[in-house]
Amino acid sequence: MLLHSVIVTNSCWAQSRRPLVSTLFRCFSISFNSFASITSPEASHIDEDFDDFLPWLEHKAAAKISSVLSIGKSSYGRALYAARGIRTGDCLFKVPYSVQLAPDNLPVEITCLLGDEVGNVAKVALLILHEKMLGQNSEWAPYISCLPQPEDLHSTVFWTDDELAMIRPSALYEETLRQKAQIEKDFWAVKLAFDRFPDRFCDVTLQEFTYAYGLVTSRAWEGSGSVSMIPFADFLNHDGTSEAYVLSNESKKHSEVIADRDFAPGDEVLIRYGKFSNATLLLDFGFTVSCNSYDQVQVELNIPQHDRLYTQKLELLDRHSTRSIKDVNEFTSSRNSFTIKEVKSGCKKGKGIPQSLRAFARILAFNSQEELNELAAEAARNDGRLARHPLKNKNREIAAHQLLLSEISQLVEEHNKYIKLLVPAPPYICGKSVLRRRLAQDLLTGELHVLKSASAWLEKYCSTLRTK
Ligand SMILES: C[S@@+](CC[C@H](N)C(=O)[O-])C[C@H]1O[C@@H](n2cnc3c(N)ncnc32)[C@H](O)[C@@H]1O
């Protein structure tokens with residue numbers, strides 16, 4: 001997962017790579033022709049180390065990029081602040097494509113060594129390593145030199161085995177291992193370029209490649225089939241409640257952000273990277289937010305091998321789709337893996353527990369071939385999907401949901417056990433390991449909240465059915 005920009009054309013909004021439909025509609029009325037007209041500059045938090053950055057970028061772009069923002073420092077690292085008053089709908093900046101780092105910026109003699117299996121993230125990582133080696137001779141030196149250092153990156157791909165063990169009950173654990181394996185695969189795929197140009201890459205190690213890869217996943221935008229680092233825009237921090245996004249204006253060939261609210265001078269400007277769960281935020285960006293409303297948990301159900309209808313149930317599932325549409329936060333998952341979200345209290349329908357998961361549980365609860373045949377016939381009469389409606393046999397419906405409840409209770413227990421192990425460090429201890437422990441705690445606590453909401457709903461559903 002990367003940051004996602006919304007694609008816009010000159011006069012109307014084109015499609016986004018992500019389901020940001022409401023945003024697209026909301027943005028119709030916004031005019032994005034000019035920067036806000038502004039007077040007295042009085043920004044606070046200004047970071048003097050970065051005084052030269054924007055003038056350098058504007059010189060390189062031969063265009064004005066922003067007259068309303070300045071670079072500063074916040075508790076999230078570098079940040080962008082309103083240098084003057086900003087009104088909703090004002091354009092905050094325009095970064096031309098010509099000053100963005102994309103796979104096309106790789107020298108052609110390197111690109112031609114890369115096979116089709118090398119993806120855009122790996123290519124941009126390679127570009128960063130290439131420019132880093134050039135040092136002050138790189139045309140991107142002022143940008144490359146201000147990228148975070150390895151010790152500033154906290155994505156779980158940088159965690160030690162002991163640190164990763166803290167999040168064992170979360171699907172993020174397995175996803176991190178998969179991501180690390182992918183990075184290693186990419187490393188070997190680009191190794192030919194390292195070997196062919198030792199003077200340009202100087203024995204890049206897997207660790208260095210992973211660092212560059214982490215820089216890309218935490219600060220590059222994906223859109224129009226490519227990936228690009230957008231200098232200046234990538235100083236923006238994330239706020240899950242913001243309605244501002246990076247937009248790609250394809251016809252004018254620049255990326256821009258439109259203010260989603262008014263800002264007073266000195267206010268930090270934040271955007272929403274996406275509707276990301278803590279697991280996604282932690283894997284890609286190395287941070288979490290407390291009480292994340294996009295948190296979710298992956299639940300895996302399997303037909304036990306000792307089920308005497310094991311083969312028949314598998315065949316039935318193979319013939320009928322039980323999966324729901326893949327969601328932005330969903331990790332690599334098997335056919336038996338389902339994503340649950342918080343079930344809001346008072347919700348009668350259990351919104352948050354996917355119908356596909358309940359259907360799977362119903363199939364698990366059946367114990368005769370006749371019942372399976374009936375289910376298949378019913379699916380054929382409807383839209384082909386199995387067990388989407390409550391079973392007529394009340395006891396069987398309760399049994400199916402009890403089964404689900406017991407799976408979720410196990411996950412609750414496991415999460416509780418791991419959270420208890422994460423005793424908070426005394427206040428005088430700080431540093432990387434304390435930070436990562438807090439990240440693990442946020443992740444597991446958010447997932448536990450989702451699990452408990454599902455468990456409470458299932459209990460209520462079963463007890464209501466019993467009294468009917
Ligand atoms: C696109 S960069 C934003 C600029 C960054 N702060 C810097 O110093 O360059 C994304 C990184 O900023 C930090 N960040 C952004 N939003 C954050 C938030 N809400 N909480 C904590 N860290 C955040 C994380 O380190 C993340 O990987």
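Predicted model: local features only at pLDDT ≥ 70, side-chain atom pairs only at ≥ 80, totals over all residues.
Entry 1: I looked up the strand order first. Three strands form an open sheet, and they run β1-β6-β7. The pairing is mixed. I then checked the edges. β1 (3-4) and β7 (226-229) stand there with a single partner strand each, so one side of each has no neighbour in the sheet.

I followed β1 to its partner. β1 pairs with strand β6 (residues 220-223) in the parallel sense, over two bridges. For H4, I found the bridge partner E222 in β6. Helix α9 (residues 206-219) packs on this sheet and touches β1, β6 and β7. The direction of α9 makes about 60° with that of β6.

**Entry 2: two helices.** How do α11 and α13 lie to each other, and what angle do they make? I found that the axes of α11 (residues 310-319) and α13 (residues 369-381) come within 11 Å and cross at roughly 5°. Angles under 35 degrees count as roughly parallel, and α11 and α13 are therefore roughly parallel to each other.

I listed the residues that meet. α11 brings Q312, K313 and L316. α13 brings Q369, L372, L375 and A376. I sorted the residues of this contact into four nonpolar, two polar and one charged.

**Entry 3: the ligand.** I counted 13 residues around the ligand. The closest are Y76, R78, R219, N237 and F285.

- A polar backbone atom of Y76 is 2.8 Å from a nitrogen atom of the ligand.
- A backbone N or O atom of R78 lies 2.7 Å from a ligand oxygen atom.
- R219 uses its side chain: an N or O atom there is 2.9 Å from an oxygen atom of the ligand.

Methods:
Residues numbered from 1 in each chain as written. Heavy atoms only, no water. Axes fitted to C-alpha atoms, helices over the stretch in contact; angles between N-to-C directions. Helix = DSSP H or I, 4+ residues; strand = E, 2+ residues; numbered from the N terminus. Parallel < 35°, antiparallel > 145°, perpendicular 65-115°, else oblique. Contact = heavy atoms within 4.5 Å. Nonpolar A, V, L, I, M, F, W, Y, C, P; charged D, E, K, R; others polar. Pairing = 2+ DSSP bridges. Near = heavy atom within 4 Å. Polar contact = N/O pair within 3.5 Å; in protein donor to acceptor, adjacent residues only side chain to side chain.
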